[in-house]
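Have the sequence and the 3D view ready, and look each residue up as we go.

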Amino acid sequence: MRVFVRSFGCSTNLADGEVLAGCLAEAGYELVVAVSAADLVIYNTCAVKGPTENRMIEILKRVPANKKVIVAGCLPLINFDRVYKEVRFDGVVGPAAGDGIVEVVKRVLNDERVVALEGAVDAKPSLHLPRLQLNPMISIIPINYGCLGSCAYCCVVFARGHLRSYSVQEIVEKVKKDLSIGVREFWLTSQDTACYGRDVDTSLAELINAVSNVEGDFRVRVGMMTPNMALDILEDLVEAFKSEKIFKFIHLPVQSGDNQVLRRMRRFYSVEDFKRIVRTFRGIFPEITLATDVICGFPSETEESFGKTLKLIKEVKPDVVNVSKFFARPRTAAAEMQKDFVSIQEIKRRSSEIAKLAREVAFERNQRWVGWTGEILVDEIGKISGSLVGRNFVYKPITVKDDGNLIGKTLSVKVVRAHSTYLESQVIK
């Protein structure tokens, strides 16, 4: 039987999808690259935002009637009622289904309708299950599932649950195993990497140190860190980032530049806390790449509150700002704040304004790199025809001309042009 698997959303979900495909391939199923060639279609879904959920539903509706369909991932746990009412499906599983997908597929192909959601919110599959990597150069390692937050707007907790960390030893063994098959770049990922280990008496800093001590030529990208969790371990975290194997890149979502809005969001830090973390990292690593997230139009966000967010972006100058429009998600505290909702038109205006500012700031930050020479690790095919993308020590995406088999190679380059989202370079040698 031929199976098509596609994943959407965050890097953790992509890792989960690699495991689904790997387990099915080991069980003897043929993995195909097109829905038209498949007997069974698995969509590993995301539903973090309203528009994302709508997109998932539309994609599921387009699956041809002669194909079996399994809906996997976060959507079934976030809004099962909608899946049940609007989508034709033969099976449903939650996120991180692991090797349990094999039995579900077997039952579905025997014409059984399967809803396998019991215990899904607490799933924690082995890190050593088979995988089919999306990129042979990159290993995406979920270091924990769930988080310790209670953000008013977030529905992911209904799908991913509360903190469940892997041990440092399990993760280090995974890194060593993947190095042996040619991986050069690791993504340590989770809903919040900064809360890693608090349930197993360790910390993100200790994990980074342990991974850095593994012998081999590789680089590590540390995933999103909630500011209050990062603040708890800031000194140790900065020390751990000094390893040459760690990309000087931090993803620190601020969400708003107004402390009152942050309190209503149930984000347990202040704007000053956020700036302190940034200041501390930049004090040691002046060229570090800073990515952040902003939500426009959270209930009760006034024009003054929004102005404070604009001011923060202008002051801190992040390299990357992921801008989101507020959408009330099912069963969240924010969905109950209807009397304070900001109009859709105003949310669109604010998001457009901040996105424009973010592009300007990103371009300004990237212009500083024109003329830089140094090494990049080529890790992906570029979106522009005939180009490849590599990353330098601060994880800046730098394009080079595709001159053959360069994926996985380390190149010396000179940056010749800046754009808001990437840099162009020429190979020196």
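Which helix holds Glu206? Glu206 sits in helix 8, which covers residues 204-212. Keep in mind that this is a predicted model. With 46% relative accessibility, Glu206 counts as partly exposed. On the surface, Asp201, Glu206, Glu235 and Asp236 come together as a patch of negative charge.

Now for some charges that are paired up. The model has 33 salt bridges by the rule used here. One of them links Asp16 with Arg160, with 2.8 Å between the closest N and O atoms. Asp16 belongs to helix 1 (residues 11-26) and Arg160 to helix 6 (residues 157-160), so this pair ties together parts that are 144 residues apart in sequence. Both ends are tucked away: Asp16 is buried at 5% relative accessibility, and Arg160 is buried at 2%.

Lys242 makes a salt bridge with Glu239, where the closest N and O atoms are 3.0 Å apart. Lys242 is partly exposed, at 43% relative accessible area, and Glu239 is partly exposed too, at 49%. Then there's Asp340, which forms a salt bridge with Lys339 at 3.5 Å between the closest N and O atoms. Here Lys339 is exposed at 76% relative accessibility, while Asp340 is partly exposed at 22%.

Some salt bridges share partners, and that is how Glu53, Glu58, Lys61, Arg82, Glu86 and Arg329 end up in one network. Let's pick out Arg82, which is in helix 4 (residues 80-86). Why does Arg82 count as buried? Its relative accessible area is 19%, and buried means under 20%. Arg82 and Glu53 are 29 residues apart in sequence, with 9.7 Å from C-alpha to C-alpha. Setting aside residues up to four places away in sequence, Arg82 touches Glu53, Asn54, Ile57 and Val87.

Lys174 lies in helix 7 (residues 168-179) and is buried at 4% relative accessibility. Beyond its neighbours within four places in sequence, Lys174 is in contact with Leu127, His128, Arg131, Ser139 and Ile141. Arg350 lies in helix 14 (residues 344-367) and is buried as well, with a relative accessible area of 5%. Not counting residues up to four places away in sequence, the residues Arg350 touches include Cys296, Gly297, Glu301, Phe306 and Val342.

How values were computed
Residues numbered from 1 in each chain as written. Predicted model: local features only at pLDDT ≥ 70, side-chain atom pairs only at ≥ 80, totals over all residues. Heavy atoms only, no water. Helix = DSSP H or I, 4+ residues; strand = E, 2+ residues; numbered from the N terminus. Buried < 20%, exposed > 50% of the residue type's maximum accessible area, 1.4 Å probe, protein only. Contact = heavy atoms within 4.5 Å. Patch = residues over 30% accessible without salt bridge, like charges linked within 9 Å, V, L, I, M, F, W, Y side chains within 5 Å. Areas by Shrake-Rupley, 256 points an atom, 1.4 Å probe, with all protein chains shown as cover. Salt bridge = Lys/Arg side-chain N within 4 Å of Asp/Glu carboxyl O. Lys, Arg positive; Asp, Glu negative; His and termini not counted. Charge placed at Lys NZ, Arg CZ, Asp CG, Glu CD.
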